[in-house]
Amino acid sequence: MRAVDLIRKKRDGGTHTAEELRFLIQGYVAGRIPDYQMAAWAMAVYFRGMTDEETAYLTQELVASGETVDLSPIAGVKVDKHSTGGVGDTTTLVLGPLVASAGVPVAKMSGRGLGHTGGTIDKLESIPGFTTELTPQQFVDQVNRIKLAVVGQSAKLTPADKLLYALRDVTATVESIPLIASSVMSKKIAAGADAIVLDVKTGEGAFMREEADAFALARAMVAIGERLGRRTVAVVSDMSQPLGYAVGNALEVREAIDTLAGRGPADLTELCLVLGAHMLVLAGAAPDLEAARAILTRNIETGAALEAFRRFVAAQGGDARIVDEPDRLPQAAHQIPVLAPKRGYVSRVAAREVGECAMLLGAGRETKESAIDLAVGVVLRKKVGDRVEAGEPLAVIHANRPDVDAVAARLVRAFAISDEPAFPPPLVRGRVT
Ligand code: URA
Ligand code: CA
């Protein structure tokens, strides 16, 4: 087999066999196939696409390139959850304890934030003392003991994906549905999931801005899951405006506590109930979505979900007093409101812009090497559909430097205010099962 023949085959619209994909991925990781051939192949895939079968084979090869996590010492069905990345997307912080409180094991590997989107590991590290570095044995023991543990992504999983993603990033080949789908699913499967719930975001703050593309990605990922024996459900949800009100690491931990205590934002609460209900059903902990939702709602009302969060924080070395005294979380020195220039109805809160404002304040990374400030960020006061008076705060900037004029000017432009009543975008656009 020669790489050049496989590039030509894909260029001309052919379909790869499992052996051909193995040759390409193994050859690339071993350094036998150079970047320029892999880049040409990725571009051919970008234009020609891949069948569901090819995409599943590719995923298998990405998984096989590295170590895999064995979660079999953990009792029960291990359901993982993955979001394609959003602004103020606090769902994992809520879902972990919420689902664990229903007795379903959550053994989660999470990532750090990049660009305008945040990452769960950064958020958790804003809790004083919290560590996301557990040994594999500590990880398994903790899930068996309290049903929940969250660790950073191991560098040893899916090395082929890391190489290929870095190459795609600089060759304009990221935006290929089969390549994205296999990349995401390879990481979930390598991390040991039995079943997977995907939250595919759509809207201007999302990776997939167009709803049709988000559904196509959702379908591609569900197809991979089914072919590789992992029951997979995808929910397509709105990311045209940020989720909840808080955008920033410690600010989102506070919002997660509020949500687990039953006083969180309506959209964040609803999305967590929808995703959590799917997780319970896949785990066999409830017969249907309605029954699952009832369990989760009750666990918020009784305080069981918040208690699960408290146990989780303590188990990973964090100061659990933050649950009752959130002022113990890092706090920014300055709180600067951003005021509405006129009265009317909020018709847009551009998620990407708000995420970039939070990043400029120091809450997010411009590059993988950037240091971040866990205290800073943006807290929205108004969301799409809300009435606002001139001079009323639209949002509050939490900053550790007094001069935030440029960020404030940009944040105000993220809002559109119309004279006519506006309506919030539907949160859940659909599901793929
Ligand atoms: N996120 C991933 O993990 N992989 C991609 O290819 C794109 C986004
Ligand atoms: Ca939020």
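Which helix supplies the largest share of the shell around ligand 1? I looked this up before anything else.

**Entry 1: the model**

I noted that this is a predicted model, in which local features need pLDDT of at least 70 and side-chain atom pairs count only at pLDDT 80 or more, while totals for chains, interfaces and linings use all residues. Residues are numbered from 1 along each chain as its sequence is written, chains are lettered from A and ligands numbered from 1 in the order in which they are written, and side-chain values use heavy atoms, with hydrogens and water left out. I read an average pLDDT of 96 for the chain, with 100% of the residues scoring at least 70; pLDDT is the predictor's confidence in each residue, from 0 to 100. For the complex, the predictor gives an ipTM of 0.94 and a pTM of 0.95.

**Entry 2: the shell around ligand 1**

I listed the residues around ligand 1 (those with a heavy atom within 4 Å of it) as Tyr165, Arg168, Ile180, Ser183, Val184, Lys187 and Phe207. Helix H9 gives the largest share of this shell, four residues. Helix H8 (159-169) and helix H9 (177-190) each supply at least two residues; helices are DSSP runs of H or I with at least four residues, strands are runs of E with at least two, and both are numbered from the N terminus. By class, I found four nonpolar, one polar and two charged residues in the shell. In this scheme Ala, Val, Leu, Ile, Met, Phe, Trp, Tyr, Cys and Pro are nonpolar, Asp, Glu, Lys and Arg are charged, and the others, Gly among them, are polar.

**Entry 3: atoms facing ligand 1**

I then looked up distances to N or O atoms of side chains. An oxygen atom of ligand 1 is 2.5 Å from such an atom in lysine 187, and an oxygen atom of the ligand is 2.8 Å from one in arginine 168.

**Entry 4: the largest cavity**

I found four cavities of 30 Å³ or more. On a 1 Å grid over the protein atoms alone, a cavity is a set of points where a 1.4 Å probe fits but cannot get out, and lining residues have an atom within 4 Å of a point. The largest cavity has a volume of about 150 Å³, a volume being the space filled by probe spheres set on the points. Of its 22 lining residues, His116, Thr117, Gly118, Ala363 and Gly364 are the closest to its centre. Helix H15 gives the largest share of the lining, three residues. I counted the lining by class as six nonpolar, 12 polar and four charged residues.

Notes
A polar contact is a pair of N or O atoms within 3.5 Å; within protein, one must be able to donate a hydrogen and the other to accept it, and residues adjacent in sequence count only if both atoms are side-chain atoms. On a 1 Å grid over the protein atoms alone, a cavity is a set of points where a 1.4 Å probe fits but cannot get out, and a pocket is an open set with protein on both sides within 12 Å along at least five of seven lines; lining residues have an atom within 4 Å of a point.
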